[in-house]
Structures are given as structure tokens and as C-alpha cells.
Amino acid sequence: RGSVEFPVLMQVLGMKFRFGAEIGTFKFENAVPKKEADGSLFEVGDTFTGISAMGILAFPVGPGKIKLGTGIVGSSPGFIMEATYGFRIGGILDIRGGFRSTEVINATTKAGYKLGHTGWVDGIIVLGINL
């Protein structure tokens with residue numbers, strides 16, 4: 001996943017934030033078959049995979065940062081929430097760690113199985129370069 005944030009810190013009613021964008025990939029593969037009441041089958045090897053593209057609002061909070069974003073996850077709408085905490089080295093390099101939740105509104109696998117509302121949580125380590 002890669003992201004870019006606008007270099008200017010905006011402020012509205014005391015709340016400081018930056019605009020940004022990110023693009024990434026994801027892939028999940030089913031390992032357990034599941035048969036639904038309607039007869040549809042979520043087969044072993046079926047995948048939920050694709051590219052995500054998000055518009056981001058980043059809120060710096062002391063040494064932490066909170067990000068909220070919305071966009072497309074595969075072919076479905078989705079959103080992210082991220083919280084990280086870190087420090088800056090030499091004024092140019094940011095090292096951060098934290099958690100990120102991705103939620104997908106209407107996920108569908110490659111074979112057409114409808115997962116519906118789904119999501120996942122990632123533990124993340126971020127390396128950022130400040131220009």
C-alpha cells in the first residue's frame with residue numbers, strides 16, 4: 001500500500017488535518033468450504049482480491065496520527081480507520097506503528113459468492129518520508 005498526504009496542514013474550528021490519497025492491493029483465499037441455506041457454495045480456493053483506492057483525512061495528534069478514508073475496495077465501496085503512534089528521526093523520516101481497520105460494504109468473491117459487509121484489521125508499521 002502506498003499513500004501521499006498534502007503537505008499543508010489545514011485547520012477548521014481548531015481541528016487540524018491533511019488531505020491525502022492511497023492505493024493498495026489485497027488478497028484473501030478461502031480455505032474452508034461453506035454452503036449457505038440458499039444453496040450457494042463458497043468454494044475452497046475462491047478469492048476476494050483486488051485493488052483499493054481511498055481518499056484520506058489525516059489528523060495529527062501529538063506523536064500520534066488518526067486517518068479516516070473512504071473509496072473503493074475491489075469493486076465495492078469501503079472505508080478505513082487507522083491509528084498510529086511514532087517518532088521522527090532527523091526531521092525527515094517518520095517511523096510509526098499501529099492498527100488499521102478496513103470495512104467493505106458489499107464484498108463479492110471472484111467466483112461471485114456474496115460476502116456482504118466484511119472487513120479486516122491489520123497491525124501496521126509505517127515508514128514515512130517528509131519532504
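Q: How many aromatic pairs does the rule give in this predicted model?
A: The count comes to six aromatic pairs. One of them joins Phe26 and Phe48, whose ring centres are 4.9 Å apart with 55° between the planes.

Q: What makes the pair of Phe26 and Phe48 a tie between parts of the chain?
A: Phe26 belongs to strand E3 and Phe48 to strand E6, so the pair ties together parts that are 22 residues apart in sequence.

Q: What does the pair of Phe28 and Trp120 tie together, and how is its geometry classed?
A: The pair of Phe28 and Trp120 is tilted, at 4.7 Å centre to centre and 55° between the planes. Phe28 lies in strand E3 and Trp120 in strand E10, so this pair ties together parts that are 92 residues apart in sequence.

Q: Why do Phe28 and Trp120 receive the accessibility classes they do?
A: The class is buried under 20%, exposed over 50% and partly exposed in between. Phe28, at 38%, is therefore partly exposed, whereas Trp120, at 16%, is buried. Ring pairs link Phe26, Phe28, Phe48 and Trp120 into a cluster.

Q: Which residues make up the largest nonpolar core, and which element gives the most to this core?
A: The largest nonpolar core has nine residues: Phe26, Phe48, Met54, Ile56, Val73, Ile80, Val104, Ala107 and Trp120. Strands E6 (47–61) and E9 are the elements that give two or more residues to this core, and E6 gives the most, with three residues. Among the residues that Val73 touches beyond four places in sequence are Phe26, Met54, Val104 and Trp120.

Q: Is Thr47 buried or exposed, and why?
A: Thr47 has 11% relative accessibility and the limit for buried is under 20%, so Thr47 counts as buried. Thr47 lies in strand E6 and, not counting residues up to four places away in sequence, touches Lys27, Phe28, Glu29, Thr109 and Lys110.

Q: Why is Ala83 given its accessibility class?
A: Ala83 has a relative accessible area of 41%, which lies between 20% and 50%, so Ala83 is partly exposed. Ala83 lies in strand E8 and, leaving aside neighbours within four places in sequence, is in contact with Lys65, Gly97, Gly98 and Phe99.

Q: What lines the largest pocket, and which element gives the most to the lining?
A: The largest pocket has a volume of about 870 Å³ and is lined by 31 residues, of which Glu5, Lys65, Asp94, Gly128 and Asn130 lie nearest its centre. E10 gives the most to the lining, with six residues. By class, the lining has twelve nonpolar, eight polar and eleven charged residues.

How values were computed
Residues numbered from 1 in each chain as written. Predicted model: local features only at pLDDT ≥ 70, side-chain atom pairs only at ≥ 80, totals over all residues. Heavy atoms only, no water. 1 Å grid on protein atoms, 1.4 Å probe; cavity = no way out; pocket = protein on both sides within 12 Å on 5 of 7 lines; lining within 4 Å. Points joined across faces, edges and corners; volume = space filled by probe spheres on them. Helix = DSSP H or I, 4+ residues; strand = E, 2+ residues; numbered from the N terminus. Nonpolar A, V, L, I, M, F, W, Y, C, P; charged D, E, K, R; others polar. Buried < 20%, exposed > 50% of the residue type's maximum accessible area, 1.4 Å probe, protein only. Contact = heavy atoms within 4.5 Å. Core = buried A, V, L, I, M, F, W, Y, C linked by side-chain atoms within 4.5 Å. Phe/Tyr/Trp six-rings, centres within 6.5 Å; stacked < 30°, edge-to-face > 60°.
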